Amino acid sequence: MSTVPATRPALHRDPTHGVAGGVCAGVGQRLGVDPLILRVAIVAASAAGGVGVALYVLAWVLLPVAAAGDGLPATRPRGATRASLQVGAGVSLLLASFLLTLRELGLWAGDPVVFPLVLAAGGVALVWRQSTQRLVSPELPPTPRAAQTLPAAAATPTVTVAETGERRATRAAGVYRGGFGVALIVGAGLLVLQTTGALSAARDVVLATVVVVTALGLILAPFLYRLGRTLAAERAARIRSQERAEVAAHLHDSVLQTLALVQRQAADPRAVATLARRQERELRTWLEGDRTPTGHVASALREVAAEVEERFGVAVDVVVVGDAPLDADLLATVEAAREAMVNAAKFGGDGAGSAVAVFAEATVEEVSLFVRDRGPGFDLAAVPADRRGVRESIVGRMERHGGRATVHAAPGMGVEVELRLERRP
Amino acid sequence: MSRRPDLPALVAGLAILALGALLLLDRVDALELRFGVLAPAFLAVCGAILLATGLDNRDREAAHGP
């Protein structure tokens, strides 16, 4: 098993090796040049008109900070934290100072033009940020198992998804932010109309529009309300269905696999007891624990490979190029890879002790993963519909998390399972 | 011992120093300060201090969580 680190880390800041914000240290790592050269360049550019300071501050604001130790960009906490509010206020004040200075120097297109433009730009920035941010922040931890309820009949579990207060707060903050942005843009438009004298002329038109829109709103309100309720119900049903599929896939990967091993080792009571204890521990952890993913893809794959090796006595060779911190989607990809390794270990042997080969590559854009065996292969179309190993635990799981799985298999040709997941920005 | 300076304190010190120099120049009649000049300078000082503090806090949040 070997890990080949990515040669060019993503653009980031590295405050631990930096003097101020770690911009030069991070960019130096990316470009492969000594940060000292970049620092001298920034100082020189600062002396020549202050461009260096502006560039440095801009990079400090925009570049993500690297996580300590691994050189990978760390996830920036989302939401209106105190620090982001301070940065926003600071940038706004500096911008106001810059504009007032221009006004004082006479480099000014006029108050009726500039102030609405500034307002509109602020509003567009807020709306743009809101439109590019997902409704539920992916960095928020998934709902803990303890907050969900599983009925006694595990074969057809119903999961009640409890929305955490943190998610609700994030959604409300997003709505307020978007609403404030829209208000700024509308205010800028009204300001332009007011200063150009067009507002009084447009008053009748605006009044008529408001009346028509209000009437239409009253007419359509019940339909819109019902549509909203239907969409919410459909969304809840889709979430329930996905959760059911996740639970079924997990039960297949854990309990059913263990039961198959128990049947195979029924003659050895000690082995059976060990399997039962391990399964009990795993199931309790999954039911009660917080499933927030931690660690990175490479280490998770090695752990999974070691577990499969130990359980099935088949060598699993893992090669990983690059690395990425685990999130819910990447964790599902690793779980799908685990199922592919288990299948390869169970069915992919050629009798000569051949190993299962795993190759993974993690880039900033995508994580791709291949699990290959040299066994007898199989005809995918001939697999019975009630077998969930490939369909649910691999293909279905990847599709639920926005990725895709392709199984290249033919009788006598071995099997290669290809997993691909585009990484979210 | 960390080689990183305390950036918010450094920026605040330099910015207030610059503002003090402006006021001193005005006092000795080397410069005529009007509201149109003083207001942007005051805003710039506040903005620089807030920006430095925010960036420093953001790095701390990224390192230790909010």
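**Notes on the model**

1. Of the 425 residues in chain A, 32% are buried. This is a predicted model, and its scores are ipTM 0.89 and pTM 0.46. For chain B the average pLDDT is 84, with 88% of the residues scoring at least 70.

2. Chain A contains 11 helices and 6 strands. Among its contacts with a separation of 6 or more, 68% are between residues 24 or more positions apart.

3. The largest nonpolar core comprises 41 residues, and A:Leu301, A:Met341 and A:Leu419 have the most contacts inside it. Elements of chain A that each supply two or more residues are helix 9 (297-312), helix 10 (328-347) and helix 11 (391-400), together with strand 2 (316-321), strand 3 (356-362), strand 4 (366-373), strand 5 (404-409) and strand 6 (415-422). Helix 10 of chain A provides the largest share, 9 residues.

4. What does A:Leu419 touch beyond its neighbours within four places in sequence? Its contacts include A:Thr333, A:Ala336 and A:Ala337, as well as A:Val367, A:Ser368 and A:Leu369. A:Ile394, A:Met398, A:Arg404 and A:Ala405 are also in contact with A:Leu419.

5. Another core, of 15 residues, lies apart from the largest one; A:Val23, A:Leu38, A:Tyr56 and B:Leu55 are among its members. A:Leu38 sits in helix 2 (residues 35-47) of chain A. Leaving out residues up to four places away in sequence, A:Leu38 touches A:Cys24, A:Val27, A:Gly28 and A:Val33. The C-alpha atoms of A:Leu38 and A:Cys24 are 5.8 Å apart, with the two residues 14 positions from each other along the chain.

6. At the interface, 30 residues of chain A contact 24 residues of chain B. The buried area between the two chains is about 2300 Å², and carbon and sulfur atoms give 66% of it. Across this interface, 4 residue pairs are in polar contact. On the chain A side, helix 3 (51-62) and helix 4 (82-105) each give two or more residues. Helix 4 of chain A gives the most, with 14 residues.

7. Within chain A, A:Arg338 pairs with A:Glu307 in a salt bridge, the closest N and O atoms being 2.8 Å apart. A:Arg338 is in helix 10 and A:Glu307 in helix 9, so the pair ties together parts 31 residues apart in sequence. A:Arg338 is buried, at 13% relative accessibility, whereas A:Glu307 is partly exposed, at 28%.

8. A:Arg372 and A:Glu416 form a salt bridge with closest N and O atoms 2.5 Å apart. Because A:Arg372 lies in strand 4 and A:Glu416 in strand 6 of chain A, this pair ties together parts 44 residues apart in sequence. A:Arg372 is partly exposed, at 43%, and A:Glu416 is buried, at 16%. Salt bridges with shared partners also join A:Glu366, A:Glu418 and A:Arg420 into one network.

9. One backbone angle is listed for checking. B:Asp29 is not a glycine, yet it has a positive phi of about 65 degrees. B:Asp29 is in the loop between helix 1 (7-27) and helix 2 (35-64) of chain B. With a relative accessible area of 69%, B:Asp29 is exposed.

Terms used
Residues numbered from 1 in each chain as written. Chains lettered and ligands numbered in written order. Predicted model: local features only at pLDDT ≥ 70, side-chain atom pairs only at ≥ 80, totals over all residues. Heavy atoms only, no water. Core = buried A, V, L, I, M, F, W, Y, C linked by side-chain atoms within 4.5 Å. Buried < 20%, exposed > 50% of the residue type's maximum accessible area, 1.4 Å probe, protein only. Helix = DSSP H or I, 4+ residues; strand = E, 2+ residues; numbered from the N terminus. Contact = heavy atoms within 4.5 Å. pLDDT = per-residue confidence, 0-100. Buried area = accessible area lost by both parts, 1.4 Å probe. Polar contact = N/O pair within 3.5 Å; in protein donor to acceptor, adjacent residues only side chain to side chain. Salt bridge = Lys/Arg side-chain N within 4 Å of Asp/Glu carboxyl O.
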